[in-house]
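Please read the following briefing alongside the sequence and the model. The points are grouped by topic, and each can be checked against the coordinates.

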Amino acid sequence: MDTVMEAELSKTHQLGGSLPPTPPESTLADGDSSSDTTQEFPLPPPSTEPTEVLTVDLKTPDAHVPRDARLIRLTGVHPFNVEAPLSALFNEGFLTSPELFYVRNHGAVPEVKDEECLDWEFSVEGLVEKPLKITLRDLLKEYNAITVPITLVCAGNRRKEQNQVRKTKGFSWGPAGVSTALWTGIALGEVIKRANPHRRARYVCMEGADKLPNGYYGTSVKMNWAMDPNRGMMLAWKMNGEMLRPDHGKPLRVVIPGQIGGRSVKWLKKLIITEGPSDNWYHIYDNRVLPTMISPEESANRPDIWEDERYAIYDLNTNSAIAYPAHDEQLSVACAPSNYRVKGYAYGGGGRRITRVEVSLDKGKSWQLANIDYAEDKYRDATEQDLYGGRLDMSWRESCFCWCFWELDIPVDELKVAKDILVRAMDESMNLQPRDMYWSVLGMMNNPWYRVVVTFEN
Ligand code: MTE
């Protein structure tokens, strides 16, 4: 009975080892044979799904999860918290392969076999007229799927710099706690609508299947955000055309664009509609920027501060990083012709576009404007079409939910004089990356000017 859907899911799962689909054919505008309106948008880099479980994982609860050995483990062997080397991540381009996509797991990965995926069930409960139990099979059958590019960023991205100034309670992310994929799924608001929320409903609480020391992982977002299609919140089962990998929420997760990754609950089991924000331990004691004067010691005795929802973080802040030159890169004096191309990424929060990226070679006294490539716009210009079983149509989407890449050619002679390179970005609301760091106990949202020291080969 469900053979079509089963084939659909298993087919996309196998895509892991195969080539991405061919880009859409170019189309000619009516009556003008000379204008080529080819819609070329980036497709995922070739993905090679690891099949072997790494030896280090064999003695952990994640012994069922094959992984890529290039990922850098930031919290020992387990739980799995990793980022790719920045150059490897950046070299993949706009879309990240699932192999190099950063992972933030608070605990063990729930084991879900391929044949169990369609029966995966989650509930919609709380302040609703019609509580629902929905399987992934139902989602595939009864809703219209969409495919969209979205960048996820861990709130701890770049925390290593904070830990060098003063140790926070968080582990040291470099600048690669950020990745982008084409997500296929259903608009979150569509699902909630069917449960008929009460008038008092204000929040959507989400809970995953991973049981942790303080309960299941969970958090919440505002109900009016979830119901606004422009905010692009979705329930996704595919990433770059493949079924989600175990580390990324197989078989079903929430994806919340423009906000910190911590709101995008993986292995989704419950949507609970409530009047107030989530009371889940992880909503209260994680993903917050407490006032800077609160020390780790003081925070231990101040539940009132933790419970203050004003300190919860949602929208990402403006941020950028330099990928080239890398921190450990030795530039060559013989660099011919005579320019070095400085490159990196930038992202904004809440759907806001990055409007400028500036580079300084004199410690911020003067700045030069870098060129920005907004690859996301290439999808926006694409005509409606089916991609990975979801409709790719971003013509309605005004917001920017992805990172952009920037570059600037700098004469090698100037780099020889400069001791370092600084970068900062600004978004359309003029949110400019600050010069100074805002330290806080959990070490989150670190976004001061990004600096790379320039070194030349002898
Ligand atoms: N969902 C569950 N169920 N458990 C988790 O540990 N981690 C969150 C979020 N969703 C988490 C979760 C955090 S902090 C981040 S940054 C993102 O997942 C990371 O998503 P990724 O691992 O797919 O990159």
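In this predicted model, the largest nonpolar core comprises 113 residues, and within that core Val204 and Leu235 have the most contacts. Strand S7, which covers residues 178–187, gives the most to this core, with 6 residues. As background, nonpolar side chains in soluble globular proteins tend to be buried together.

**Around Leu235**

- When neighbours within four places in sequence are left aside, leucine 235 is in contact with Leu139, Gly185, Ile186, Leu188, Val191, Leu252, Val254 and Leu268.

**The ligand shell**

- There are 19 residues around the ligand, and those that come nearest are His106, Gly208, Tyr217, Gly261 and Gly262.
- Sorted by class, the shell around the ligand consists of 8 nonpolar, 7 polar and 4 charged residues.
- At least two residues of this shell are supplied by strand S3 (103–104), and at least two by strand S8 (203–212).

**A five-stranded sheet**

- An open sheet is formed by 5 strands in the order S5-S4-S13-S8-S9, and its pairing is mixed.
- The edges of this sheet are strand S5 (132–135) and strand S9 (215–222), each of which pairs on one side only.
- On average, neighbouring strands of the sheet are turned by 20° against each other, with direction ignored.
- Strand S4 (residues 121–126) and S5 run antiparallel and are joined by 4 bridges, and serine 123 has lysine 133 in S5 as its bridge partner.

**Pairings of strand S16**

- In general, the strands of a sheet pair through backbone hydrogen bonds, and they do so either parallel or antiparallel.
- Strand S16 (residues 339–347) runs antiparallel to S14, and 5 bridges join the two; here the bridge partner of isoleucine 322 is glycine 344 in S16.
- S16 also runs antiparallel to strand S22 (residues 404–411), to which 8 bridges join it, and in this pairing asparagine 339 stands opposite proline 411 of S22.

**Cis peptide bonds**

- For reference when inspecting the backbone, most peptide bonds are trans, and most residues other than glycine have a negative phi.
- Histidine 78 and proline 79 are joined by a cis peptide bond with an omega of about -5°, and proline 79 belongs to the loop between strand S1 (72–73) and strand S2 (81–83).
- A cis peptide bond also leads from tyrosine 324 to proline 325, with omega near 0°; proline 325 is found in the loop between strand S14 (319–324) and strand S15 (330–331).

**Positive phi in two methionines**

- Methionine 430 is not a glycine, yet its phi is positive, at about 65°, and this residue is found in the loop between strand S23 (420–427) and strand S24 (450–453).
- Methionine 445 likewise has a positive phi, near 60°, in a residue other than glycine, and methionine 445 is also found in the loop between S23 and S24.
- Which of the words buried or exposed applies to methionine 430? Methionine 430 counts as exposed because it has 10 C-beta neighbours inside 10 Å, where the limit for an exposed residue is 12 or fewer.
- Methionine 445, by contrast, is buried, because 24 other C-beta atoms lie within 10 Å, and the cut-off for a buried residue is 20 or more.

Terms used. Residues are numbered from 1 along each chain as its sequence is written. This is a predicted model: local features need pLDDT of at least 70, side-chain atom pairs count only at pLDDT 80 or more; totals for chains, interfaces and linings use all residues. A residue is near a molecule or strand if its C-beta atom, placed from the backbone, lies within 6 Å of it. Ala, Val, Leu, Ile, Met, Phe, Trp, Tyr, Cys and Pro count as nonpolar, Asp, Glu, Lys and Arg as charged, and the others, Gly among them, as polar. Two strands pair if DSSP finds at least two bridges between them. Axes are lines fitted to C-alpha atoms, for helices over the stretch in contact, and angles run from 0 to 180 degrees between N-to-C directions. A nonpolar core is a set of buried Ala, Val, Leu, Ile, Met, Phe, Trp, Tyr and Cys residues joined through C-beta atoms within 7 Å. Two residues are in contact if their C-beta atoms, placed from the backbone, lie within 7 Å.
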